[in-house]
Amino acid sequence: MCLSCHFGRKFGSLKKRIMASKRITQETFDAVVKENIEEFEMSPEEALREAIEQFESQGVNLVNILKTVPAVGGEGDVAHAARHPVLEALDQLHQVLQGVVTDKESVKASLTKFSLECGVDISHRIAAASNNAYPTLKFLVQKYLKDEGMLLAALDGMAALLNGQPDLIQGADGQMLCDILRENVTSEKIAASCIRTIRLTCTMHEINRRAFVKAELIPLLIQTLENCPTAAAIKEACGALRILTVDDDIRVPFGKAHDHAKMIVEAGAMKVILDTLTAHVDDPSLAGDLCLTLSRLAVRNEFCQEIVDLGGLKLVLQVLNDNMESQVVVKHVLAMLKAIAGNDQVKVAIVNAGGASIIIQAVSQHIKQPGVCEAGFGAIAAITLRNPSHAKIAMEAGTAPVIIQAMQIHPTEAATQKHACMALRNLVARSREYCPTILALEAEPLIQKARAFCEDEAKAALRDLGCEVELKELWKGEKNPLMR
C-alpha cells in the first residue's frame, strides 16, 4: 500500500469516529428521563426508552450513559435516584483505601460484584472509570500481591474495567503487570488473569503494546505456554501474542506488528506453540487457538518454512482431519495454511501432503459458513498461484464447483466473493484449458455480480477466463506528466 493510501485510510477512519462522537453527560440524560416522567406522565420504562430514542435520533452517542430507570416515589414523583450497582461496588472498594473496610471477604465480594457489573456494558465501565476506579483497582492489586485469592479477584476487576478502555493504564503500570506475571508464571489462574488484563490494555493501543514488549512480555508469554498446561492460561497467552501482531490503532500511522511477530518467532515461540499443540491435539478449542496464533506469526518466508521444518504442517493437517466437524478449527487451520503457503516450497509441501483435497473437503462440509469459505478459498488461491500443476490437482479435487456454489450461497459476503474470484483467477491464469469447465458452471454472471464488492479481483478473474471485460486506463500522463 502506498504511503498516501495508508494515511488516508487510517485518518479517514479517525475523522469518521470523531464526527460520530457527539456526547452528553449522565446528568443531562437523567434530567430528560425525569422530565418524561413528570411532564409527560410516562412510565419509567417508557421515559427511558423515549430518552434513548430522542438522543440517538439527534446523532448522540450514548455509549457513556448508564441507561437505568429512576426510582419512583409512592405518589408517582421521581425519588432520589438510587446509586448504580457498579458505583455502589466501587464505593465499597474506595472504603478499602480509606481504611474503613479491612475484611478480605467483604473486599472480595465487592470486587466480584464490580467485575460482574463492568461486564454488563461499556457504559458501566466508563462510569466506573469516571469515578476513579482505576487508581482504586491498582491500589488493591498492589496491596494483595502476596495473597493469591485476593490478587486474582483484584486482577479480574482490573481486566473488567480496562476492557475497551486501554488508555486508563499508565506507563509504569505495564511493568507492574509484567512483574506480577513473572512472579506467578506457574500459577495458572493468576497467569491467565494477568495476561487477560495485559491483552485488553493492548487492544487497539499501539503505545501500550510497545511498552509491554519493552517490559519483556514476549518471553513471559512463551514461558506461560511452557509452564501452564491449563486451557485458560494457554488461550490467554495465545491471544496476547496475537494482539501484539496487529495494527489496529488508528491514532498511530504505522505500528510494529511485523517487528513484534519477528521478535516472537526469534524468541522460540514456534517450537513452543507446536509442542503445546501436540500436547493438546485432542482439544478442538485449544488446537484452533494455537493454529490461529501460528498463522499470525507466518509473516516471513523463513518463518513459513520453519513451521514445516518443525513438523507443523503434518500436525495441523492431522488437526484438520480429526476436527473436520468443528467450524472454528477448520477456519483457523485454513487461515494458517493460507499464511504459510506464501512460501513457494511450503505450498509444494501442502499439495504433496494432500492439502488441496483436504481444504476442499473442509470447505464443502462448512460451505454455509462465509468465514470458512473465505479462509479456504484464500488457501486455494495461495497454493495455485503461479503453479499450473497445483491448479490441475485442485481442479481434479473438485475445487471449481465448490467455489461457484459458495458464491451462490453468499452473494453479499464481500470477503468470500473476493477470495473466490482470486481462487478462480489463479486456477486458470496459467492453465487456460480449465476456462470452459469453469464457465460452464455459470461462473461469469456470478463474477460480474462480485464486482460490486471486489472490482479488481473480479476483473482479473473475468480477464483470465477469457470473458469480455472493460479495463480502464486510470492515468495516461497526458495532462500532468511526472516531473523529470
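This is a predicted model: local features need pLDDT of at least 70, side-chain atom pairs count only at pLDDT 80 or more; totals for chains, interfaces and linings use all residues.

Residues are numbered from 1 along each chain as its sequence is written, and side-chain values use heavy atoms, with hydrogens and water left out.

The protein has 28 helices and 0 strands; helices (H or I, at least four residues) and strands (E, at least two) are DSSP runs, numbered from the N terminus. Along the principal axes, the C-alpha atoms fill a box of roughly 80 × 55 × 55 Å. Of the 484 residues, 48% are buried. Buried means under 20% relative accessible area, exposed over 50%, and partly exposed in between, with a 1.4 Å probe and protein chains only. For contacts between residues at least 6 apart in sequence, 71% join residues at least 24 apart, contact being heavy atoms within 4.5 Å.

Now helix 20, residues 344-352. Which of its residues are buried? They are Val346, Lys347, Ile350 and Val351. Seen down the helix axis, these buried residues fall within an arc of 140°, so they line one face of helix 20. The arc is that of the directions from the helix axis to the C-beta atoms. Gln345 and Asn352 are exposed, on the face turned away from the buried side. The buried residues pack against several helices, including helix 19 (327-340) and helix 21 (355-365). At the start of helix 20, a side-chain oxygen of Asn343 comes to within 2.8 Å of the backbone nitrogen of Gln345. Just after the helix, Gly354 has a positive phi of about 80°.

Next, a helix pair. Helix 25 (residues 414-428) packs with helix 28 (residues 455-464) at an angle of about 25°, their axes 8 Å apart. Axes are lines fitted to C-alpha atoms, for helices over the stretch in contact, and angles run from 0 to 180 degrees between N-to-C directions. That makes the two helices roughly parallel, a label for angles under 35 degrees. Residues of helix 25 that meet helix 28 include Cys421 and Met422, and among those on the helix 28 side are Ala458 and Ala461.

Last, Asn227, in helix 12 (residues 217-227). Is Asn227 buried or partly exposed? Asn227 is partly exposed, with a relative accessible area of 36%. Leaving aside neighbours within four places in sequence, Asn227 is in contact with Val185 and Thr186.

Note on methods. A polar contact is a pair of N or O atoms within 3.5 Å; within protein, one must be able to donate a hydrogen and the other to accept it, and residues adjacent in sequence count only if both atoms are side-chain atoms. Angles under 35 degrees count as roughly parallel, over 145 as roughly antiparallel, 65 to 115 as roughly perpendicular and the rest as oblique.
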